[in-house]
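User: I would like to learn how to read a helix and some backbone features in a model of this kind. Could you take me through them?

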Amino acid sequence: MNSLDTLLLAAAAGRPWALRGVRALDPVSGSDETRDLFCDGARLCDRVVPGAAEFDAGGCLAMPAAIDLHVHFREPGGEGAETVASGLAAAARGGVGTVVAMPNTSPPLDSPAALARQRSLAAAAPERRVRYLLSACCTVGRAGGAVAPLEELAAAGAVAFTDDGAIVAPDSAMEETMRRAAALELPVMDHAVDPKLAAGGVVRPCAAAAAAALPVFPDEAELAAVRRDIALARATGARLHLQHLSAAGSVPLVAAARASGLRVTAEATPHHLLFCADDIPGDDADWKMNPPLPDAAGRAALRRAVADGVISCFATDHAPHPAAAKARGFLAAPFGVIGLECALPATWLAMVEQEGMPPCEWARRWTTGPAQALGLPPPSLAPGAPARVALLRRAPWTPGADALASRSSNCPFLHRRYPVSVAALL
Ligand SMILES: [Zn+2]
């Protein structure tokens with residue numbers, strides 16, 4: 001047997017490897033069994049290849065590497081908080097093998113040239129294991145006016161359209177975006193928050209909100225946007241993906257849309273599933289995100305929706321910010337928390353440990369669910385599948401700042417105990 005480091009070196013060099021006695025979660029077949037997992041250097045295979053690096057993976061779990069539909073790498077414009085290279089390193093640290101980067105950089109990604117520039121940044125990054133997929137703006141400059149050149153952006157490799165960070169507010173712009181995206185067979189991913197109804201709300205009702213007299217975020221700000229988006233998806237036939245749902249009332253809207261045959265998918269983030277507004281310790285902007293944390297009943301509704309598949313995707317909304325910006329306090333600090341490094345352990349704790357979700361079903365929310373939302377082939381552990389595997393350790397883990405590869409540390413996930421950790425991305 002070899003060390004895990006030796007196995008990682010073999011995998012990085014494209015040489016064969018074998019995980020002996022690993023608990024393998026295959027989201028496609030639904031199998032959850034202890035067995036050996038083999039790779040010929042590029043693809044999984046059904047027997048050990050002579051000369052393979054072999055690791056005794058007893059006590060470990062293997063699954064296809066996670067797909068994160070929603071990350072913000074801040075390059076260009078915010079390199080102090082994150083670069084493409086540091087974001088890819090954070091993804092790899094977290095067992096995430098595919099990311100979809102949001103286009104709300106500065107300047108925003110609304111042209112084929114901008115997408116090409118991002119791709120060259122990723123190509124120059126030391127981290128080679130993570131697939132870097134790009135979404136592109138719905139509207140020119142993310143300004144909510146003229147619709148961006150979606151056909152050119154699709155030809156340049158955009159996998160989805162979104163103005164994330166903000167909703168596409170005018171109904172006419174969203175309708176045109178959806179109509180043209182439908183013709184391209186690409187999803188529209190919406191930050192479903194109506195800013196007028198949100199009215200500057202930064203938190204849901206809780207003790208911390210009351211103590212600091214913080215403006216409260218009403219559920220209706222999300223519900224109105226979700227209803228509008230679903231109505232436009234019905235009118236246009238578009239594939240609609242609703243980002244970071246946070247309100248209990250969104251769940252029956254999504255369930256009804258899916259039941260009626262609309263191609264609507266939705267995501268929930270690790271922070272909205274693990275925490276609720278009552279957990280906010282005070283005026284600490286590492287707990288400030290958009291939309292804000294739900295109350296306990298809202299979190300319970302989101303968890304049920306994830307368990308029964310109405311919400312078919314986990315996604316981090318990894319949103320790095322410099323410590324100085326987050327130090328401005330809850331009202332003045334920017335929205336957003338990072339999440340890539342702790343995403344798998346945090347969702348395991350919330351859904352498997354606390355809700356009893358079967359591990360294989362949990363793995364689907366990180367793999368086949370997001371793949372379906374993007375129209376990608378479903379990731380599996382079957383022989384012939386590409387070797388992109390996350391290896392988790394089943395032992396308590398309490399991450400400190402050294403667990404992070406991100407340039408930022410704004411999040412509520414550190415210094416807590418999780419039942420699993422990510423050992424490697426293979
Ligand atoms: Zn958003």
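Predicted model: local features only at pLDDT ≥ 70, side-chain atom pairs only at ≥ 80, totals over all residues.

User: How many residues does helix α11 have, and which of them are buried?

Analyst: An α-helix has 3.6 residues a turn, so residues three or four places apart point the same way. Here α11 runs over residues 296-308, a run of 13 residues, and spans 19 Å between its first and last C-alpha, close to the 18 Å expected. Its buried residues are Gly298, Arg299, Ala301, Leu302, Arg303, Ala305 and Val306, and the elements that cover them include α9, β12, α10, α13 and α14. After α11 comes Gly309, with a positive phi near 90 degrees.

User: Arg142 and Ala199 have positive phi without being glycines; is each of them buried or exposed?

Analyst: The count of neighbouring C-beta atoms within 10 Å decides this, since 20 or more make a residue buried and 12 or fewer make it exposed. Arg142, whose phi is near 55 degrees, lies in the loop between β8 and α4, and is buried because it has 24 C-beta neighbours inside 10 Å. Ala199, with phi of about 50 degrees, lies in the loop between α6 and α7, and is exposed because 12 other C-beta atoms lie within 10 Å.

Conventions:
Residues numbered from 1 in each chain as written. Helix = DSSP H or I, 4+ residues; strand = E, 2+ residues; numbered from the N terminus. Expected span 1.5 Å × (residues − 1). Contact = placed C-beta atoms within 7 Å.
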